[in-house]
Every structure is written in structure tokens, then in C-alpha cells.
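Please read them alongside the sequence and the coordinates.

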Amino acid sequence: MRHSRTVLSAALGIGLAAALSAVPATAATTTANSPTAASSSYSTYAGSSANAKATKAFFDAVVKSVAEKRAANPGAQAVTVVYSTSSAPSFRSQISQSTQIWNSSVSNVKLQEGSGADFSYREGNDSRGSYASTDGHGRGYIFLDYAQNQQYNSTRVTAHETGHVLGLPDHYSGPCSELMSGGGPGTSCQNANPDAQERARVDALWANGLAAAIARVS
């Protein structure tokens, strides 16, 4: 799951998609359709330094966008990351569930749908599966692949990709209890919640990273 583009754009997602026929996103289920076919894909995938750099680029781009808004409105109390679902209508339920999970898990940043989005969700077919992508200039999106979301718990996929926006890297060797282990534990993994370490890491990133970003743009 890597992009080779002129702009900085990298696939950061679970990295599991198998060559399955396209299906509507509304048919996405929380159970695996073909765990045997998928096993070779998720078991052999390993994160790379390029993926780690791209994760940071996405996080930095989102933080910069939020920081610029807060600099323009210093009286704002909550740190809010705004997203758009207009390009991923079939996944609105999963995105809403993912948002609720993250908003109830961390305290230093909140996700909210609205105008003036800091990032967006998109849907479609991609042999690389789902991923997060940025051009490094404050514009980024999460792509949700139809086939992958049929194989794997769709809310876990969405929450995992959203974790990249909040600054977390992939950790495919981790257990199912780790959200950022993505597809590593296999299609039977149904956990869509970050563990204690992941929650603490996001809170730390948004406490320190946002303060530094605001100082730069103020």
C-alpha cells in the first residue's frame, strides 16, 4: 500500500486487500467472506519507514489545518478536527461509529463532521485496500475500499485509518486489542477500539503537537 506520485502521498492503511470483485459499500459486513484468500495478504504485509513518514506527514497536515483555525479564533475552547463524508456516503454509519469511538477514547482532540473540513473520507475500489493519503500541504483524505471492508470489520478499518489522522502509525505485529495492528490479527478480529497506550499517545500528540503548531502559525 504505497503511492508513487509526484506529491507526497502514501498508503497507510491496513494493507490487506485481496483481488475480490467490487461490491457496494452498503453491503459491508463485520465478518470475513474469505479468510483463506486474505490470509496471505495480511500475514505477509509489514510496515515500512516510508509508511511511518507518510503517517507523520498526514498528522502534521491535519494539525497545521487545525492550528491555523485556532490562531484565527483564539477563543475556541475545544480542539476539533473537522471531516467531510460527502465523498463516502456508503460508509457514513461506520464513520459515525469510528468518530464516537475516538471521541469517547481521548480528551485532547475531538472529531466532528462539518464544513471547512481538515480532511475527508472517500470510497471506491483499490487493490491496495483502505489507506490515508496527504499531499503534505494540509489536504488529506481517508480512502475506504469496498472489498476490504467486506473482508474485515468495517468499523475497525475506519477507526484504524482515522487513527492515522490523529497521529498513530501502523503496528501490524500487534494483537487484536491494538487498533493499529490493523489486519495483522486476521479477519476474525472484531475490535474497533484503541487500547490504553494508543489513547494516551493520541492525547499526548494533540497536547504537544498542536501547541507547537499554533506557535508557528500565530
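The points below go from the overall fold to the sheet, the core and a few individual residues.

1. Basis of the notes. This is a predicted model, in which local features need pLDDT of at least 70 and side-chain atom pairs count only at pLDDT 80 or more, whereas totals for chains, interfaces and linings use all residues. Residues are numbered from 1 along each chain as its sequence is written, and side-chain values use heavy atoms, with hydrogens and water left out.

2. Overall fold. The secondary structure of the chain comes to six helices and five strands, where helices (H or I, at least four residues) and strands (E, at least two) are DSSP runs numbered from the N terminus. Along the sequence these follow the pattern α-α-β-α-β-β-β-β-α-α-α. Of the 218 residues in the chain, 53% are buried, the classes being buried under 20% relative accessible area, exposed over 50% and partly exposed in between, with a 1.4 Å probe and protein chains only. Among the contacts in the chain with a separation of 6 or more, 70% are between residues 24 or more positions apart, a contact meaning heavy atoms within 4.5 Å.

3. The sheet. Five strands form an open sheet in the order β2-β1-β3-β5-β4, and the pairing is mixed; two strands pair if DSSP finds at least two bridges between them. The edge strands, each pairing on one side only, are β2 (110-113) and β4 (131-134). On average, neighbouring strands of this sheet are turned by 30° against each other, direction ignored. β4 and β5 pair in the antiparallel sense over four bridges, and tyrosine 131 has phenylalanine 143 in β5 as its bridge partner.

4. Helices on the sheet. Helix α3 lies across β1, β2, β3 and β5 and runs at about 170° to β1, while α5 lies across β2, β3, β4 and β5 and runs at about 160° to β5. For these angles, axes are lines fitted to C-alpha atoms, for helices over the stretch in contact, and the values run from 0 to 180 degrees between N-to-C directions.

5. The nonpolar core. Which members of the largest nonpolar core touch the most other members? Of its 32 residues, they are Val81, Trp102, Val109, Phe119, Tyr121, Val202 and Trp206. α2 (49-72), β1 (80-87), α3 (92-105), β3 (119-124), β5 (140-145), α5 and α6 each supply at least two residues of this core, and its largest share, five residues, comes from α2. A core here is a set of buried Ala, Val, Leu, Ile, Met, Phe, Trp, Tyr and Cys residues joined through side-chain atoms within 4.5 Å. Not counting residues up to four places away in sequence, valine 109 touches Val79, Val81, Asn103, Leu166, Val202 and Trp206.

6. Salt bridges. The structure holds two salt bridges, each being a side-chain nitrogen of Lys or Arg within 4 Å of a carboxyl oxygen of Asp or Glu. Glutamate 68 pairs with lysine 64, their closest N and O atoms being 2.6 Å apart, and both lie in helix α2, four residues apart, about one turn of the helix. Glutamate 68 is partly exposed at 38% relative accessibility, as is lysine 64 at 41%. Arginine 128 forms a salt bridge with aspartate 126, with the closest N and O atoms 2.5 Å apart; arginine 128 is partly exposed at 23%, whereas aspartate 126 counts as buried because its relative accessible area is 15%.

7. The disulfide. Cysteine 176 and cysteine 189 form a disulfide with their sulfur atoms 2.0 Å apart, the criterion being a pair of cysteine sulfur atoms within 2.5 Å. The torsion about the S-S bond is about 85°, so this disulfide is right-handed. Both cysteines are in the loop between α5 and α6, 13 residues apart. Cysteine 176 is partly exposed at 26% relative accessibility, while cysteine 189 is buried at 5%.

8. Histidine 171. This residue is placed in the loop between α5 (154-165) and α6 (196-217), and its 38% relative accessibility makes histidine 171 partly exposed. Leaving aside neighbours within four places in sequence, histidine 171 is in contact with Glu178, Met180 and Ser181. Histidine 171 and glycine 184 are 13 residues apart in sequence and 8.2 Å apart in space, C-alpha to C-alpha.
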